[in-house]
Amino acid sequence: KDFTPTMEDEFYDRDKLMYTYTKDLGKLIAMQDRLFHIRFDNSLEVSEKELLIKNFAREIMRLDSNLIVTQRKAVVDFDKYLELEDIGIEDDIFNDDLLRDLENLDITQKQKYGLMHTVETRNKFKHKSAKGKWRGVFDMFKEWKKQTKIAEGHYVASHEKKPKDLDKSITTLRKAIYELSQKSTLTAVDQQLLQGWRTKLNHLNKLKVRRDEQVGIERRQSMVNTDYVELSGSSNSIVPLEK
């Protein structure tokens, strides 16, 4: 089917937005799954559980806001590509005021949510020196990275039956196993998760071995076919032996 250049541009931009949307949706689901385990892990200290729940709630809200912004941006861009004003239709047909407000959400959300932090985490270094505050921010960032890796690994283990990117899924799961196993004290829930993740990792590694073996077979077969074609195309004339 033929498309005008404008339609092709619209489809291209929409695909980019949908890629971003799908990526953030996966992260959101991963965070929700991880928070569920934290909430019902009775081995955690009350103060630790409360802090983790608040941090994860902030991150979930940030990701949810990203999804809303991406959805609304897709509609705003679609409206622009339609160029309705050229045929006399008002350009607020898609409720422009609401969309404009939601577009600005990607700016306000960073101020409202930011990295995984709460009043409790900020109070830990509020009265420290400038160097101590920077250290506190850095520690929050490390905590955010660690929890994100654990959550994404859990998503791979729980939701990806046939990963599209096998190598990436294996790497993600390995990072999650490493991060969780570094905890000074592993709860019963942690140990159960690690056992399940390692089982999943073994399964993915077996899939990778089979895939690599198949690629090797196909590559060798291709080389054999190429050699056969070259031999078939060579001259069949007899070269006399030198006397």
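A contact here means heavy atoms within 4.5 Å. The structure on display is a predicted model.

Begin by selecting Leu173. Leaving aside residues up to four places away in sequence, Leu173 touches Gly153, Val156 and Ala157, together with Trp197, Lys200, Leu201 and Leu204.

**Along helix 6**

Now select residues 130–159, which form helix 6. This helix has 30 residues and spans 43 Å from its first C-alpha to its last, close to the 44 Å expected at 1.5 Å a residue. Its buried residues include Gly132, Gly136, Met140 and Trp144. Gly153, Val156 and Ala157, which are buried in helix 6, are also among the residues that Leu173 touches.

**The largest pocket**

Finally, turn to the largest pocket, which holds about 1,000 Å³ of space. Select Lys23, Gly26, Tyr155, Glu160 and Lys168: of the 32 lining residues, these lie nearest the centre of the pocket. Which helix supplies the largest share of the lining? Helix 1 does, with ten residues. Helix 1 (5–39), helix 2 (46–82), helix 6 and helix 7 (166–181) each provide at least two lining residues. Colouring the lining by class shows 14 charged, ten nonpolar and eight polar residues.

Notes
Residues are numbered from 1 along each chain as its sequence is written. This is a predicted model: local features need pLDDT of at least 70, side-chain atom pairs count only at pLDDT 80 or more; totals for chains, interfaces and linings use all residues. Side-chain values use heavy atoms; hydrogens and water are left out. On a 1 Å grid over the protein atoms alone, a cavity is a set of points where a 1.4 Å probe fits but cannot get out, and a pocket is an open set with protein on both sides within 12 Å along at least five of seven lines; lining residues have an atom within 4 Å of a point. Grid points are joined across faces, edges and corners, and a volume is the space filled by probe spheres set on the points. Helices (H or I, at least four residues) and strands (E, at least two) are DSSP runs, numbered from the N terminus. Ala, Val, Leu, Ile, Met, Phe, Trp, Tyr, Cys and Pro count as nonpolar, Asp, Glu, Lys and Arg as charged, and the others, Gly among them, as polar. The expected span of a helix is 1.5 Å times one less than its number of residues. Buried means under 20% relative accessible area, exposed over 50%, partly exposed in between (1.4 Å probe, protein chains only).
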